Structure formats: C-alpha cells, structure tokens
Amino acid sequence: MITGHLQALELATLPDALRQILTLPACSLDALRAREDGRFQPEGAEWFCTIGNANTSPAAERHTEFHRDWLDIQVVLEGEEIIGFDTRNVTGQPATERKPDLFILEDPQLPKEILLRSGDFVTFAPGEPHRALCCTDRPAVVRKAVFKVPASAFRR
C-alpha cells in the first residue's frame, strides 16, 4: 500500500509504472475532476480508469475485497471516505469471486484505516485486502477515480 496526494507525487514512493500513469496530464487532479463519469483507457495502455459517484456507508455494511491480477489506485476526487485495509497477503483465504478478479473475503480482519479526501490516493497491490467507501460521520456521496493496473506491469 502506498498513499499520497496527486498534487504532491514527488513525495510518494511510487514504482515507476504507477508514477508514469499518475504524472500523465490526463491523470492530473484537475483533469480527472473535469472528466465525465465512465471508463477511460488511453490508446495502447494496459491499464484503465473508472470515474464515478458512489455512496459511503458504515464499515459494518461494506464488503472487504482483494484482487489477484490487478493493482488498484483509488483517488478521491470529491468528498471523503475511510478505507479499511491490511498489508498482509490474503490470497488463498476463503473468499467468493463476485466478478472476474474481485474476491470478497468471508472473514476479513482489517486492523488499519485511512481517511482520504479530495486529491488523496491509495494503492492496493494484488492480495491486499481493502474495504472502501466507509463513511466518516454519516453516509455521503464521494466521487472517485479507480485505476486498474495489471500486475504484469510490475513483472518486467
């Protein structure tokens, strides 16, 4: 897990593959905020990004997920959310695959939390469990950009 702010990328200890994505003009905070909701994928890119609104809710109502083949970069564009997480690899633990490469843990143990506000981002490597869209005080709408980067981008 790596966290930072899009307007202070020089402080984030990002691997080159992620830094190259987040320093693209189309991935600046202003550009992402101005983009219409939906999916975008630059021509020839292996990664893609989905932008849209989501509703936060109490942590007890949220699921905990992980991925095997994709790394997440979650960026809050408007609003705020808490994400529960752990840095241990949970691949192989009891989970249900709800969609391709979206595994929901049956007995999540997430000892850590991070508060994200506009411009903040966090990365989750394959196998890292995370519970996104938890509300701070009360449920609210948050606008996010979620980048999906294939794990193969790090094995070269």
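The largest pocket of this predicted model holds about 670 Å³ of space. A pocket here is an open set of points, on a 1 Å grid over the protein atoms alone, where a 1.4 Å probe fits, with protein on both sides within 12 Å along at least five of seven lines; lining residues have an atom within 4 Å of a point. The volume is the space filled by probe spheres set on the points, which are joined across faces, edges and corners. Residues are numbered from 1 along each chain; local features need pLDDT of at least 70 and side-chain atom pairs pLDDT 80 or more, while totals for linings use all residues. Side-chain values use heavy atoms, without hydrogens and water.

Of the 22 lining residues, Glu65, Asp72, Lys99, Val146 and Lys148 are the closest to the pocket centre. Strands (DSSP runs of E, at least two residues; helices are runs of H or I, at least four) are numbered from the N terminus. Strand S3 contributes six residues to the lining, the most of any element; S5, S11 (130-134) and S12 also give two or more.

The largest nonpolar core has 23 residues. Such a core is a set of buried Ala, Val, Leu, Ile, Met, Phe, Trp, Tyr and Cys residues joined through side-chain atoms within 4.5 Å, where buried means under 20% relative accessible area (1.4 Å probe, protein chains only). Ile73, Phe121 and Phe147 have the most contacts inside this core. Helices H1 (16-22) and H2 (29-34) each give two or more residues to the core, as do strands S3 (48-55), S5 (70-78) and S12 (141-150). The largest share, four residues, comes from S5.

Key. Buried < 20%, exposed > 50% of the residue type's maximum accessible area, 1.4 Å probe, protein only.
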